[in-house]
Amino acid sequence: MTLTVRGLSFSYGDREILHDVSFSTAPGVVLGIAGPNGCGKTTLIKCIDRIFEPGGRVEFGGKDMADLSTTEIAQLIAYVPQALTIGMAMSVFETILLGRRPYIRWSVSDADLERVSAVIAELAIQHLAFRKMTQISGGERQKVMIARAMVQDPLLLLLDEPTSALDLRHQLEVMELVRRVARDKEASVLMAVHDLNLASRFCDRLMIMKEGRIVAMGTPSELLTRELIRDVYEVDAVISGESGYLQVIPVRPVGEITV
Amino acid sequence: MKLLFMVLAAAVCLMIVLPASAGLPGDASGNDHLEKHELASTILSALKDSTTLQDARDAAYVYSNWNGSPKKIIDSSGKERVIWRPFHRIVVMNSETLETMRSIGYDTSTVVGVDKYTLKATAFFPEFKNTPGIGSIWAPDYEKIVSLQPDAVFVYAEISRSSCDEIEENLAKTSPGVTVLRFDCYLPESYPGEIGILGDLLDCQEGGREFLEFYTSNIDTVTSRVAAVPENERIKVYFETWNDYKTCAAGSGYDQKIRMAGGSNIFGNEAGEYPELDPEAVLASSPEAVIKLVGSMKYTFGGYNGGEEELFRQTHDALVSRKGWESLPAVRDNRTYLIHTDILGGPHFFVGVQYMARWFYPDRFSDLDPVRVHAEYLTRFQGLPASIVEDEIFVYPRLRR
Amino acid sequence: MDQKGAPGDLSHLREEYHRFAAKRYLFLGGCGILILILIGIATTLGSADLTIGEVYAAIIARFFPSVVESTPLASTIVWEYRLHRILFAIAAGFGLGIAGAVMQGVLRNPLASPFTLGISAAASFGASIVIVFGIGGFTNDIAIIIAAFVFTLLATFGIYSLSRVRGISPESMILAGIILMYLFSAMTSFLQYIGTVDQLQEVVFWTFGSLQRTSWGKLALVSLVVGFCIPFIMLRSWDLNAMGQGDQVAKSMGVDVSRTRTRLMLIASLVTAIIICFTGVIGFIGLVAPHITRLAIGGDNRFLLPASGLVGGALLLTADSLARTVLAPAIIPVGIMTSFIGIPFFLYLFLRKREGYW
C-alpha cells in the first residue's frame with residue numbers, strides 16, 4: 001500500500017512546525033527523513049500515525065487516515081519511539097505481546113502467542129524472552145521495541161531515530177533488521193535519522209527537511225552533495241565514497257560560529 | 001468619718017477608668033498599706049481634681065473592706081494573685097466561673113466581656129445576651145479583650161491548660177495591668193475550694209459560704225450513702241457520650257461522677273479519656289444500667305436551650321433497639337437513661353449525680369428529689385425561674401415523683 | 001538470512017508464556033484463599049470472648065438450624081456485629097486496592113492514590129461542612145455520607161476540568177490533584193478552626209477512618225457499586241498496559257488515550273467515593289496494595305488489577321482485625337492501623353537496591 005502525504009501542516013501553539021509537506025512512498029521502500037535539529041522529522045512521523053492531529057491529508061492505500069478509527073490505524077501503522085524509559089515492570093515477552101493490542105479484545109489467543117514467538121525467533125532474542133525490561137541492555141530494548149511494532153503486522157513502519165542510543169554493533173543489527181522487515185513484509189518504512197551515514201547506507205530513498213519543509217527528496221547518492229550539506233546544515237563537508245557507500249565527513253561550520 | 005462618707009455619696013459621676021496600676025490606690029508611701037491619712041489625702045485631692053475620683057472610691061473601698069491591705073489569694077493554678085483594687089470591669093472566658101459568680105451572689109454587672117459559648121446559652125445566661133463576645137479560650141480575640149479595658153480576666157486552670165497559659169502570657173505582655181485569674185469551677189475535687197476562694201476574692205464571703213453549704217450537702221447526701229454499698233455490689237454501668245460507642249474512662253470527669261453516684265463504670269480502666277468501643281464489648285459486658293449523654297453533636301437537643309421530648313424518645317428507642325440489646329439486663333429491667341450534659345458536665349453536676357444515684361439505687365435514694373434540688377439551685381443561686389425545670393427536659397425518662 | 005528457530009523453539013516459548021501466566025493465576029487464587037482464611041480467623045476475633053466453636057456454630061446455625069444450635073448472643077454478635085464488618089473490610093479494601101492500581105497505571109506514577117490526588121481531602125471537607133454547620137439530629141449521619149460522596153466526585157470533576165486546560169496528561173492531572181488537595185485541606189482546617197471543640201474532634205476522627213458504622217445495607221451498596229465498576233475496569237486492562245509504554249506509543253497501538261484516562265479516573269474515583277463516604281479516610285491501601293502486587297507478579301494489568309484488589313482486601317481486613325483486638329475492648333481507628341502497616345512496607349521498598357521494579 002502506498003503512503004501519500006499532501007499539504008501536511010502542524011502548529012504547536014502559535015509555532016508552525018510543519019509547513020505544506022507533501023510526498024509519497026512505496027511498499028518495500030525504506031525512506032529516511034533527515035535534517036538538522038528541530039526540522040520537524042519527529043513531528044512528521046507522529047502526524048502520520050495520528051498521534052498528533054495535523055492539517056492536510058494523509059492517505060494510505062487510498063484511504064484517508066482521518067476516516068479510520070485508531071484501532072484500524074493501529075492495524076496498519078506501527079510506531080517505534082526513540083528510547084524507552086518507562087514501562088519497565090513487564091517482561092520482554094509481555095511487552096512484545098502488547099503490540100497485538102489492536103487485535104486483542106480481552107484474552108490472548110494462540111495465534112497471538114505464535115506471532116510473538118515467531119518475531120522473537122526472527123530477532124534471535126529467545127534468550128531474553130522472559131527477562132524483565134530492566135534486565136536487558138539499551139540495544140536489546142530497542143530490538144524489543146521493534147519486535148513490538150512487528151507483531152502489529154503493520155504495512156507501514158514508523159521509526160523515530162531508532163539508533164540514536166545504540167552502540168556500533170547494535171546500530172548495524174537494527175538497521176539490517178529494518179531493511180529485512182521492509183523487504184520480507186513488503187512494508188513501507190519511514191525512518192527519522194540523525195546519522196547521515198547510516199541513512200546513506202541503509203535507506204533506499206532520503207528526504208531532507210529544514211524548518212518544517214522538505215528541501216530535497218531522492219536517493220542518497222543524488223542528495224548527499226557538498227552544496228546540500230552546506231545549505232541545510234551550514235557545514236562544510238567532504239563526501240567520500242571509499243567504503244562503497246557515500247559518507248559525509250563534516251569539516252568545519254560555515255560562517256560565524258555562534259557558540 | 002462623716003466627711004468620708006459625704007464625699008463618697010457625692011461622688012456620682014461617670015466611671016473614669018484608670019488602668020489598674022500596681023499598688024494600692026492612694027498609697028503615697030508605697031508601703032502597700034493604706035493609712036487613714038493617705039485615704040484622706042486621696043479623697044481631698046479628688047475633690048480638687050475629679051479625674052482621680054475613681055482612685056478615691058477604690059481607696060475608700062480598700063480601706064473599709066480590705067483593712068487597707070491588698071487582697072492576696074491563690075487561685076487554682078497555684079499562683080498567688082495580688083488584687084490592689086476592687087474589680088469594676090471583668091472579662092469571664094469560661095461560663096463555669098460566671099455561673100459560680102452568680103451562685104455566690106456576686107453582682108455580675110461588672111462583666112464586660114464573655115465567651116461565645118456563654119453567648120450561645122441564651123436561656124441560661126439571658127442577662128449576657130448583649131454583652132460583647134471575646135471569642136473563646138481556644139480562639140481568643142485579644143484586640144476585643146484589650147479594648148474592653150478589663151481589670152481582670154478569668155480563664156481555666158487545669159482544663160485546656162496550654163491555651164489558658166498562652167492567654168495569660170499574652171495578656172502579661174500586652175496589658176500588664178490586667179489581673180489574670182484561673183478557676184475551673186466544675187472539677188469535683190477542686191470546686192469546693194474554689195467556691196471559698198472566689199467568695200473571698202469577690203467579697204461575697206457570706207454568699208460563698210451559703211452556696212458551699214448547699215453544694216456539699218447535696219454531694220454528701222449521695223456519697224455518704226453510697227459509701228455503705230460494698231464494692232462488689234455496685235451497679236455495673238455502661239456510660240456512653242454523645243458519640244455512639246464512645247465511653248468515658250478514668251481520666252474523665254464523667255467517670256468520677258459515676259463513681260460518686262455509686263456506679264461501677266464497666267470500661268473505666270481503659271486507656272484515654274474517651275475510648276471508642278467495639279460494640280461487641282458492650283453486648284458482652286451485660287451492664288445493669290446504661291446512661292447516654294445528650295446535648296451535643298448529633299444529639300443537640302434538650303437542656304436549657306430547649307428541645308422536643310420526641311427527640312429524647314427517639315434517641316432512647318434507638319438506643320434500646322440496638323441489635324442484641326434486648327438481652328442486656330439494663331434493657332430488660334428498663335434501666336436505660338438519657339441525661340443532658342447541662343446537669344452533668346458543668347458546675348451543677350451534682351444534680352446529674354443525684355439523678356444517677358436514684359437510678360442506681362432507687363431504694364436507698366427514694367427520698368432524694370433531684371428535680372427539687374435543681375429548681376432550688378436555679379431560683380436561689382442563679383436567679384432563674386423554677387419553671388425551667390418543668391418546661392425543659394434534662395433526663396429521660398423523667399423521674400416519677 | 002538468519003535461521004529462524006525450529007518450530008520446536010516457538011512452542012517452547014508459548015509453553016513458557018503459559019507457565020508465566022499460570023503463576024499469575026496461581027497468585028490470584030492464592031490471594032483468594034488467603035482472604036477466605038483471613039475471614040475465617042477474623043470472625044473468631046472480638047471482645048465478646050466467643051470460642052471458635054461458638055462462632056462457627058452461629059454461622060452454620062443460620063443456614064442449617066436443625067443441624068447446629070447456637071445461643072442468641074453468639075448469633076447476634078456474629079451476624080449483627082462481626083460478619084458485615086469483616087465483609088465490608090474485604091469489599092472496601094478491594095475497591096481501594098483496584099482504584100489505586102488504576103490511578104497509578106493511568107497516571108504512570110507510583111505515588112498516585114486517592115490520598116495524593118486530593119480526593120480524600122475533598123471527602124473530608126464534605127464531612128466537615130456537615131459536622132460544623134449541620135443542625136444535629138439523626139439525619140446528620142446520612143448528610144455526612146452524602147456530602148463526602150458529592151465532594152469526592154466534585155474533586156474528580158475539578159481534576160478533569162483543570163487538566164483539560166493543559167491537556168489530559170499524567171502531569172497535568174497530578175498537578176491538578178495536588179492543587180485540589182491543598183485547597184480542600186486548607187478549607188477543612190478553616191472549618192475546624194471556626195467549629196466548637198467537639199466538632200473539631202469529630203472532624204479529626206472522621207479523617208482517621210473507621211469501620212465501626214458498617215451495616216449489611218451499606219455492604220450491599222458498596223459491593224454493588226464496586227462490582228458494577230469492575231468489568232469496566234477489567235475490559236480496559238490492555239489499554240492500561242499500552243498506556244504504560246507512554247501516551248504516544250499507546251496511541252499508535254490504537255488506544256484513545258485521553259478518553260480512556262478520563263473514564264478510568266472517573267471510575268476509580270467513583271469506587272473510592274462510595275467507600276470513603278462510609279468509612280472516612282482510609283489511607284495507604286490504594287498506595288500499598290498495587291506495589292505489593294507489582295513486586296509479586298509484575299505490571300500486566302489483567303492480573304495486577306484484580307490482584308491489587310485482593311491484596312487490598314486482605315490488608316484492610318488484617319488492619320481492622322488488629323485495630324479491634326490490640327487494645328480491646330477499645331478500638332483504634334482503622335486508618336491509623338493501615339498507616340502503621342504501610343510505613344514499614346515503604347521503608348522496605350526504600351531500602352531495596354533493585355531499581356526499576358516500577
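1. Of the 358 residues of chain C, 51% count as buried (20 or more other C-beta atoms within 10 Å of a residue's own, C-beta atoms being placed from the backbone). The model is predicted: local features need pLDDT of at least 70, side-chain atom pairs count only at pLDDT 80 or more, and totals for chains, interfaces and linings use all residues. Residues are numbered from 1 along each chain as its sequence is written, while chains are lettered from A and ligands numbered from 1 in the order in which they are written.

2. Chain C has 14 helices and 0 strands (DSSP runs, H or I of at least four residues for helices, E of at least two for strands, numbered from the N terminus). The radius of gyration of chain C, over C-alpha atoms, is 22 Å, close to the 21 Å from the globule rule (2.2 Å times the number of residues to the power 0.38) for 358 residues, so chain C is as compact as a globular protein of that length. Its C-alpha trace spans about 80 × 55 × 40 Å along the principal axes.

3. Towards chain B, 25 residues of chain C meet 23 of chain B. H3(C) provides the largest share of the chain C side, 6 residues. By class, this side has 13 nonpolar, 7 polar and 5 charged residues.

How values were computed:
Two residues are in contact if their C-beta atoms, placed from the backbone, lie within 7 Å. Ala, Val, Leu, Ile, Met, Phe, Trp, Tyr, Cys and Pro count as nonpolar, Asp, Glu, Lys and Arg as charged, and the others, Gly among them, as polar. A residue is buried if 20 or more other C-beta atoms lie within 10 Å of its own, exposed if 12 or fewer, and partly exposed in between; C-beta atoms are placed from the backbone.
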